[in-house]
Amino acid sequence: MSTDPLVVFTPSGKRGNFPVGTPILTAARQLGVDLDSVCGGRGICSKCQITPSYGEFPKHGVTVSEDALSEWNKVEQRYKDKRGLIDGRRLGCQATVQGDVVIDVPPESQVHRQVVRKAATARTITMDPATHLYFVEVQEPDMHEPTGDLERLERALHEQWGIERITADLTILSRLQPVLRKGKWQVTVALHKSHKDSTHKVLEIWPGLTEERIYGLAIDLGSTTIAAHLCDLRNGEVKASSGVMNPQIRFGEDLMSRVSYAMMNPGGDKEMTNAVRVAINGLTESIATEAGIRPFQIVETVFVCNPVMHHLLLGIDPVELGQAPFALTTSESLELNARDLDLTVMNENAQVYILPCIAGHVGADCAAVALSEEPGKSEDLVLIVDVGTNAEILLGNTSRVLACSSPTGPAFEGAQISSGQRAAPGAIERIEINPETKEPRFRIIGSDLWSDEDGFDAAIATTGITGICGSGIIEAVAEMRMAGLLDESGLIGSAEQTGTARCVPEGRTHSYLIHDSSAEGGPRITVTQGDIRAIQLAKSALYAGARLLMDEMGVDRVDRVVLAGAFGAHISTKHAMVLGMIPDAPLDKVTSAGNAAGTGARIALCNIAARAEIEQVVRQITKVETAIEPKFQEHFVAANAIPHKTDPFPDLAKVVTLPAVAFNTGGSYAESGGRRRRRRG
């Protein structure tokens, strides 16, 4: 085993051992990490900015000391003095390895920027937002009637709009008199009214009749990505959608890793809170710029998030969520001032609404999915799976709704995969393997052409082929199973056993070669035995969670399956079924709902009655805790097989033929019964 320091890069999850003194940029290049640089490592371009993290990282098995990197040098100081460098950032070409270290590569330092694929789903929403604009004419002050300007504004709103009572913060009071006089006693006010009381709060005021529009943000704060939709509060129109990677990834790729970081590093929870709030401020500014509006026009924000993200957003230590009974500080919905969360880019009086959580590991994001997809109103039995680093699962109909979360991990996002990467131009997202020749063809993000089509090389000239993302690895493993390259247990066969030289030895196991451009200095993209195992663990957790809910409901089949989330929207339903990610169902009954959590957030942003509705609905959902249910482990182990060890998949057998492949220790390729329709696991 190497005694050289271990360098772990996030969000890619790539790692390697490097001698002391190796520049971080060099380590990144050798591992194929997406870290930009155009100046040849002279500290001029600043493209290679990185953020080191220090403390205990149980997920990565390292403790990072404060001296894990070389000391800050003159080149970095000169760049910071001239152009500025965010506190905590280093230049990858200047910082060298001195000990085990975890390095985050921020989005702006990546050559191939991640594509946060959480676009807004078309949805008809009845508009009744919490914040409205009102134009009023206010009576001028009179020495014989000594009342304040705020009181006369309140009277005007009552007389002209039937509004009973208003409140205003000091920021509004300090501007009220000059605005009234500039508007010649005519003003437009933005009033916010909670669905829980009748008082209206003044958020903004303009002289005269304003042409300004007011906007709200619907934010899906996920473990891996933060996605936002900017909505016009007059008509609900989505003006822009944007997203960034969650910078907390550098503290841990999954939720329990972040809880562990908070447990083992004093002040770690505050680090993660600050990181996510800074990211949300940056996202707010960028989405406003994209839409061509000023950030102060954003007067309201709705958040949906899982319980750990919920606590870290609020600045609450998530330690209790890391141990039974997984107690939340509060599961109720919250109404806050944006400035209480250090969200300073939007309007200074902007209001925040956070949907209620369902239970300790089933959060506001699952509540948002329930609001969007309404399983409690479904006549047939529907299984809704929000696929992500932490999967949220709902099962129900008009009689009952159950919910659980399942720790699938980051493999579905392309992390912990040897050639994996986040969704970005250049990443393989679709793949097919010819069952006869065992040859692959694929498509990458950024091009509609398949790799064997004319013009493919020209189409990808600017991006190249850089790796494989989550949807790509799902299809790759499923295609390998259908082509007879791996058996039911997930074992990849040798070249002799499979009949293709693309199955190459790798230690004591084998890997399947998809693409090799190493001769031109590009990557060698393979699916390794370790990759298969990572996908097996992720899909087994997902399947076991769904089966646990089905057990609780007392059923063996569901009528239909809805795949939600950005990842769920991009995976092939056939390949998901071949892998055994989800219980068997007719393929025409497996659909995608897009970003259902984001849609739920938009509904809550645009309609206050929906807030009251979901607050009531979550109390009627039965939570099933996977962490303490003995049958979860039983289902998990059986689901390790592809598609499953014991459960029959009759609907899958109607459309897919799986070879009954077995690789024996003697090195021969055994195929019992040839190609046949699958009847059992």
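Reader: Which residues does S540 touch, not counting residues up to four places away in sequence?

Author: S540 touches F636, A639 and N640, where contact means heavy atoms within 4.5 Å. The model is predicted, so local features need pLDDT of at least 70 and side-chain atom pairs count only at pLDDT 80 or more, while totals for chains, interfaces and linings use all residues. Residues are numbered from 1 along each chain as its sequence is written, and side-chain values use heavy atoms, with hydrogens and water left out.

Reader: Where is S540 found, and is S540 buried or exposed?

Author: S540 is found in helix 12 (residues 529-553). Helices (H or I, at least four residues) and strands (E, at least two) are DSSP runs, numbered from the N terminus. S540 counts as buried, at 0% relative accessibility. Buried means under 20% relative accessible area, exposed over 50%, and partly exposed in between (1.4 Å probe, protein chains only).

Reader: How are two packed helices described?

Author: Two packed helices are described by the angle between their axes and the distance between the axes. Here, the axes of helix 6 (residues 268-291) and helix 7 (residues 307-314) come within 8 Å and cross at roughly 85°. Axes are lines fitted to C-alpha atoms, for helices over the stretch in contact, and angles run from 0 to 180 degrees between N-to-C directions. Helix 6 is therefore roughly perpendicular to helix 7; angles under 35 degrees count as roughly parallel, over 145 as roughly antiparallel, 65 to 115 as roughly perpendicular and the rest as oblique. Helix 6 contributes D269, M272, T273, V276, R277 and I280 to the contact, and helix 7 contributes L312, L313 and L314.

Reader: Which residues of helix 16 are buried, and where do they fall around its axis?

Author: An α-helix has 3.6 residues a turn, so residues three or four places apart point the same way. In helix 16 (residues 608-617), the buried residues are I608, A610, R611, I614 and E615. They fall within an arc of 145° seen down the axis, so they line one face of the helix; the arc is that of the directions from the helix axis to the C-beta atoms. Their cover includes strand 10 (186-193), strand 15 (298-305) and helix 15 (596-606).

Reader: What is the phi of F326, and which peptide bond is cis?

Author: Most residues other than glycine have a negative phi, and most peptide bonds are trans. F326 is not a glycine, yet has a positive phi of about 60°. F326 is buried, with a relative accessible area of 12%. The peptide bond from I642 to P643 is cis, with omega near 5°.
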